[in-house]
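Let's walk through this model together, one region at a time. Keep the viewer open as you read.

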Amino acid sequence: MIELQAVGFGWPDSRETLADISLALQPGEKTVLLGANGSGKSTLLKLLNGLVVPSHGSYHYHGHPIDKASMADRQWLRRFRQEVVLLFQHPEAMLFNPTVRDEIAYGPRRLGWDDIDERVAWWADQLGLRTLLDKPPFTLSGGQKQKVALASILILEPKVILMDEPSASLDPRSVGWLVDFLLDTAATVVVSTHNLSMAAEFGSRCLVLGENGRLAYDGPIGPAMRDMELLERCNLAHRHRHRHAGGEHSHLHGHEWESS
Ligand SMILES: Nc1ncnc2c1ncn2[C@@H]1O[C@H](COP(=O)(O)OP(=O)(O)OP(=O)(O)O)[C@@H](O)[C@H]1O
């Protein structure tokens, strides 16, 4: 349903951020996107969300090209924005309505859906937001804002859910809820994370972006997590020295993950 062919992308005045990325995502597939700081994870998610379009190569969604022309087609864009959603790493970027209720209802109202109050109440309950519905989003904590942003995209019943570091500001119960949700949803999901200990909870397929903006790995997550050379090369694990009882050794560390 999503197909990238030899995609390259560079932000203005910068080196090529993504280079020669080819991949296909199937309906219902759950994929984890890993890469060091600045490797291009957020950029790739924004590209999949059509916020930026490839400088080279092609992106097709259900066979429809995603390029400047299709993104300028308002009718197509409306459908695409409902079907393919992105949870930003910093949710402030998504919140602009006067209340949490309006924020969550915003998409369904624009789409002219029925039963909006019931839908909002259901998602507010799912994410523990019921008591916050009348508050302005800017008064909420970082994790609460993340949950409002999550409710406002999931209410759209999307077919593709892109999430940029969702576990970074969510508490354990909310992360647990998210993992359960991802197990049950029929949507195609791509989750970026630095948290290697959580990675396998988010998906069975793994994409690793190298620091050169190229895909260093695309395959099952188990072998990727055991491939020390890959993790070290892509700056997802680092080696440093330890002193214990007069002896010294070095071993690899991942973020919240370790291997001797
Ligand atoms: N809006 C932008 N304008 C210009 N350059 C950008 C923009 N967004 C990202 N970049 C650059 O693109 C590169 C990749 O950034 P990106 O945010 O995609 O990386 P990331 O893998 O998500 O990093 P992190 O793990 O730190 O969130 C960086 O060099 C960054 O400076």
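How far apart do the end C-alpha atoms of residues 2-237 lie, and how much of the span is helix and strand? The ends are 30 Å apart, and the span is 38% helix and 25% strand. Helices (H or I, at least four residues) and strands (E, at least two) are DSSP runs, numbered from the N terminus. UniProt, in an unreviewed entry, places the feature "domain: ABC transporter" at residues 2-237; its positions are given in the numbering used here, feature names are shortened, and annotations may be inferred rather than shown by experiment.

Two notes on reading the model. This is a predicted model, in which local features need pLDDT of at least 70 and side-chain atom pairs count only at pLDDT 80 or more, while totals for chains, interfaces and linings use all residues. Residues are numbered from 1 along each chain as its sequence is written.

Start with the ligand. Around it you will find W11, S14, T17, G35, N37, G38, S39, G40, K41, S42, T43 and Q89, each with its C-beta atom, placed from the backbone, within 6 Å of the molecule. Helix 1 (residues 41-48) gives the most to this shell, with three residues.

Next, look at helix 6 (residues 142-154), whose 13 residues reach 18 Å from first C-alpha to last, close to the 18 Å expected (1.5 Å times one less than the number of residues). Because 11 of the 13 residues are buried, helix 6 is largely enclosed by the rest of the structure. Buried means 20 or more other C-beta atoms within 10 Å of the residue's own, exposed means 12 or fewer, and partly exposed lies in between, with C-beta atoms placed from the backbone. The buried residues pack against strand 6 (84-87), helix 4 (100-110), helix 5 (116-126) and helix 7 (172-184).

Now find Q82 in helix 3 (residues 74-83). Q82 counts as partly exposed because it has 18 C-beta neighbours inside 10 Å. Beyond its neighbours within four places in sequence, Q82 is in contact with L111, L156 and P158 (C-beta atoms, placed from the backbone, within 7 Å).

Finally, P223 sits in helix 9 (residues 221-226). P223 has 11 C-beta neighbours inside 10 Å, so P223 counts as exposed.

Definitions and conventions:
Two residues are in contact if their C-beta atoms, placed from the backbone, lie within 7 Å.
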